[in-house]
Amino acid sequence: MRILKTPHRNLVLSYRDYFAGKGIQVRIFEEDGAYVLESLRDEEDFLVLKEMNYLKNQENPETVLVQAAWDSGSNDRGIALPDNGGCAIPLKSIFTVTGLTITVCIVIFLLQSFMDSGLSRPVFDALSLNAEKFRQGEYWRIITPAFMHFGLMHIAFNTVIFGVLGWQIEKFLSSSRLLVLLVIAAIVGNVSEYCILAGEHEMAPENFGGLSGAVDGVIGYLAVISRYPALPVRMRMMPGLFIITLIMIVVAGLFMNGIANAAHVGGLIAGLAMGGLDLFLLRTGSLTFRNDP
C-alpha cells in the first residue's frame, strides 16, 4: 500500500520512523524525483490507515513525527538517519559564522585573561556597553559584550552549545540566517540586561558579558522551527532542551546573583520571534533547506 509521496526526504524519513515504532514494515524508494513510502505487508494496511487517521486528527502531528525520529535509528534501503556525531563542527568549517564566533570569543577571552586585572580592564572597557561612549559613536558596544566571558566554564558552556546548535542552522539554512539570529539575539539580550541593571540603579550597568543571550536565541529559534515536519533530522533540537532552558532561567532569576538573566530572557524571546517568522516562511515555501549539505 502506498502511504506517502513527497519531494521532502526528511518528511518521508519521519513517517518511516513513526511506522517503524509501531511495528509496521515499510520501505522507501524514489519515483519521478520524489520519495515514496509504502507498506510491505498487505495485512498491515489496516494498521497503516488507522495510524494515518490518528495523525490526521492530531492538533500537532509534526510533534509526533519529530519524536519518532528521535526514538528510531533504523536503516531502510540504505537511507539512514544521521547520528548525533553529525553535529560536530568540521575543522575545515572554521571560516563560518559559527567558527568565527567561537574564535572571536576565545581570542577576546585570552586578551581579557592577560590584559584585564584588578581595576585596570582595557579589554572590558573597550567592549562593554557603556551608554555614554555608545552615544559618542562607539556603536559596536551594543553587540560586543556578547563576546566577552568571565571564567573557563562560562566560555566553554556558551561556545560548545552555540557551536553544536548554531552549526546546524548555518549548514541547513545559511550563514546569513545564523548571522542575523546571532546579531538580533545578542543585541536584544545586551540591551535587556543593560536596562534591567540601569533600572536597579547600579553604578556600572554595563558590567556584564557572555554569549548566553545568543545561545538562548538559538535554542528558542530551534524550539519553534522543530515543529516543521520536514525539518532535517540533525536540526531537530533535543527533546526537553527548551524546558530545561526555561527552568534554568527561572532558577537563575530567583536564586542566583551575578547572572545576566535579562540577557537570557531577551535572547530567548528574540530567537522565538525569528523562529516563528521562519516557520511561517518554511510552511509557505518562501524559505527552503539546503539539499543534503
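Student: Which residues does asparagine 190 touch, not counting those up to four places away in sequence?

Tutor: Asparagine 190 touches Leu129, Ile142, Ile143, Pro145, Ala146 and Phe208, where contact means heavy atoms within 4.5 Å. Keep in mind that this is a predicted model, where local features need pLDDT of at least 70, side-chain atom pairs count only at pLDDT 80 or more, and totals for chains, interfaces and linings use all residues. Residues are numbered from 1 along each chain as its sequence is written, and side-chain values use heavy atoms, with hydrogens and water left out.

Student: And is asparagine 190 buried or exposed?

Tutor: Asparagine 190 is buried, at a relative accessible area of 3%. Buried means under 20% relative accessible area, exposed over 50%, and partly exposed in between, using a 1.4 Å probe and protein chains only.

Student: What lies 3.0 Å from a polar atom of the side chain of asparagine 190?

Tutor: That's the backbone oxygen of isoleucine 142. The backbone oxygen of isoleucine 143 lies 3.3 Å from a polar atom of the asparagine 190 side chain.

Student: Where does asparagine 190 lie?

Tutor: In helix 8, which covers residues 175–199. Helices here are DSSP runs of H or I with at least four residues, strands are E runs of at least two, and both are numbered from the N terminus. The chain has 11 helices and 5 strands.

Student: OK, helix packing. How do the axes of helix 8 and helix 11 cross?

Tutor: They come within 7 Å and cross at roughly 145 degrees. The axes are lines fitted to C-alpha atoms, for helices over the stretch in contact, and angles run from 0 to 180 degrees between N-to-C directions.

Student: Which residues make the contact?

Tutor: Helix 8 brings a set including Arg177, Val180, Ile184 and Val188, while helix 11 supplies residues including Gly266, Ala270, Met274 and Asp278. The residues of that contact divide into 11 nonpolar, 6 polar and 3 charged. Ala, Val, Leu, Ile, Met, Phe, Trp, Tyr, Cys and Pro count as nonpolar, Asp, Glu, Lys and Arg as charged, and the others, Gly among them, as polar.

Student: Back to aspartate 278. Is it buried or exposed?

Tutor: Aspartate 278 is buried, with a relative accessible area of 0%.

Student: Which side chain does a polar contact join to that of aspartate 278?

Tutor: Tyrosine 221, at 2.5 Å. A polar contact is a pair of N or O atoms within 3.5 Å; within protein, one must be able to donate a hydrogen and the other to accept it, and residues adjacent in sequence count only if both atoms are side-chain atoms. Aspartate 278 also touches Arg177, Ile225 and Leu287.

Student: New topic, the core. How many residues are in the largest nonpolar core?

Tutor: It has 57 residues, and those with the most contacts inside it are Phe19, Leu37, Ile169, Leu222 and Met235. Such a core is a set of buried Ala, Val, Leu, Ile, Met, Phe, Trp, Tyr and Cys residues joined through side-chain atoms within 4.5 Å. The largest share of this core, 8 residues, comes from helix 9 (residues 212–225). A second, separate core of 7 residues includes Leu129, Tyr194, Leu197 and Phe208.

Student: What is methionine 235 in contact with?

Tutor: Leaving aside neighbours within four places in sequence, methionine 235 contacts Gln168, Ile169, Phe172, Leu173, Leu222, Ile225, Ser226 and Phe289.
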